[in-house]
Amino acid sequence: MSQTTLSNDISNASITKQVAEQYESFPFPPVYRIEQEDPDRRLTASFNLDFNLRKEAQLKPGSKIWVPGCGTRWAVLVALQFSDCEIVASDLSSSSITFQNRLAQNLGISNITFKQENLLETEYTDTFDYISCVGVLHHLPSPQDGFKVIHRALKDTGIAEIMVYDYKNRQYSIKMLEILALLDPKKTLSSPARFELAVSYLRALNGHAKAPKELKRVLKYVDERPGFSQELADFICNPQEHYYDVDSLLEILDQADLQVFCWKQPHYFSPDKMLENEQLCCQVRQLPSTAQAKLGSLMSDPLLEVYVSKKGVKLKADEEYMREVFESLVIKATTTIHKYHVNPDGSIDREETLVKYKIRDDHILFDAGERRPAVLYYGQALDCVTEEPRQWLKLCDMQQNERLTTEQILRMLELTEQPIKIAELLACMNREFGTQGINIDDVKETLGTLCRTPFRLFTVQSK
């Protein structure tokens, strides 16, 4: 299926102006809370391990990161992970930049440079080691041009994180935008007036209309929840959107000389992980990787989030290199998350500490975390519309082997309260549990899993 788009015959400049006005009127997203995974804000080494990066592709102190279309919080989320990197945050909307700059100051973040600029008009060339462009390219007049800018701005050894809308996940949004195209065909209404028209239309629906079950609750939120209009406006009345599926996303990446490094939620693009028939699993494993990704997405409906690199560039380290490096790494237990509750003006209302794991029926359950940049997996975060609970995962939920007992994992956490080299930790575990038949290879495999999202209880310390 080719990409789907909703637009009319107006100039690119006019589209850009309307999108800018949308986010001036409705800075997105509304920020109610911010979570910080590591108190030292130094996850560069953990990122490198997460992605098994070759030495020349690894982030390091001073690496340059670009967050185009940063909105109201995304660059802050990046900065809370990479305090030792230089971050450039760009956006069309001065309202979004002003809010996020204030939020960064209130969180004590000083490594972000904010710029009000149009992604398509930037001249960055071979500049950035990492780019996080989430929820942006599908709002451009020509997304193809945006993908080419990402390619140009990325270093040869760099990785870019990209998210675009999947048409399957945006069906009601598509329907609302088509309704508005009939009611305001030339898009003459201002963004606030366009939003009011959309909300008035939704309020007027009666029992003869086929509307989503949560509609009444959503309209109630508009009246009762500060900031919810910003969230809803982005969903029902954005002046420009494009939509993709796996095939059309891969096609546009190919046209921009980009390639898939890995999917952000790899579990959801691996159909064999969703089947309990081994014969079928074997059959789907024989499919080309692109067909597997498409089949997986049809079975799970994930967001189209992907990490990409320049075509033809190998960034992953080989297994032998990773085995050599792994035991030399220094790790530290990180078992809590710091949560900031944010006021509408960007000031911090209060702070609290969340735990990353809990024990139930002698199983360790892991908090899969909120959606955030630069991770390989995340769980279900609290959401204004659905109010889904956070997701707690067992290792087996992601088809990881539970080879160590809960007692043994807890002992590893005790031994890593202070930074320790992995080789030393393995020796300690062998001394304490060797007579009980513990297998050091099982310890290494479990430890490797627990150094990575979504199970991260150990962070890798930068040298």
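Which residues make the nonpolar surface patch of about 320 Å²?

A: The model is predicted, and the description that follows should be read accordingly. Leu182, Leu183 and Tyr201 make the nonpolar patch, which covers about 320 Å² of surface. One of these residues, Leu183, belongs to helix α6, which spans residues 171–183. Leu183 has a relative accessible area of 45% and is therefore classed as partly exposed, since that class lies between 20% and 50%.

The charged side chains may be considered next. Side chains of opposite charge can pair when their charged atoms come close. The structure contains 31 salt bridges. One of them joins the side chains of Glu161 and Lys264, with an N to O distance of 2.4 Å. This pair links distant parts of the chain, 103 residues apart: Glu161 lies in strand β7 (residues 154–164), whereas Lys264 lies in the loop between β9 (258–263) and α11 (278–285). Glu161 and Lys264 are both buried.

The loop between β9 and α11 also holds Asp272, which is linked to Arg285 of helix α11, 13 residues apart. The closest N and O atoms of the salt bridge between Asp272 and Arg285 are 3.1 Å apart. Its two members fall into separate accessibility classes: Asp272, at 16% relative accessibility, counts as buried, while Arg285, at 38%, counts as partly exposed.

A further salt bridge is formed by the side chains of Asp166 and Lys168, at 3.2 Å from N to O. Here Asp166 is buried, with a relative accessible area of 4%, and Lys168 counts as partly exposed at 23%. Beyond these pairs, a network of salt bridges links Glu37, Asp50, Lys356, Arg372 and Arg456.

Three strands form an open sheet in the order β17-β11-β18, and their pairing is antiparallel. Strands β17 (420–421) and β18 (458–460) are the edges of this sheet, each pairing on one side only. Between β11 (residues 330–333) and β18, the antiparallel pairing runs over 3 bridges. Within this pairing, Lys332 has Thr459 of β18 as its bridge partner.

To return to the part requested, the patch is made by two leucines, Leu182 and Leu183, together with Tyr201, and Leu183 lies in helix α6.

Key:
Residues are numbered from 1 along each chain as its sequence is written. This is a predicted model: local features need pLDDT of at least 70, side-chain atom pairs count only at pLDDT 80 or more; totals for chains, interfaces and linings use all residues. Side-chain values use heavy atoms; hydrogens and water are left out. Two strands pair if DSSP finds at least two bridges between them. Helices (H or I, at least four residues) and strands (E, at least two) are DSSP runs, numbered from the N terminus. Patches are made of residues with over 30% relative accessible area and no salt bridge: like charges are joined within 9 Å, nonpolar side chains (Val, Leu, Ile, Met, Phe, Trp, Tyr) within 5 Å. Accessible areas come from the Shrake-Rupley method with a 1.4 Å probe; for residues, only the protein chains shown count as cover. A salt bridge is a side-chain nitrogen of Lys or Arg within 4 Å of a carboxyl oxygen of Asp or Glu. Buried means under 20% relative accessible area, exposed over 50%, partly exposed in between (1.4 Å probe, protein chains only).
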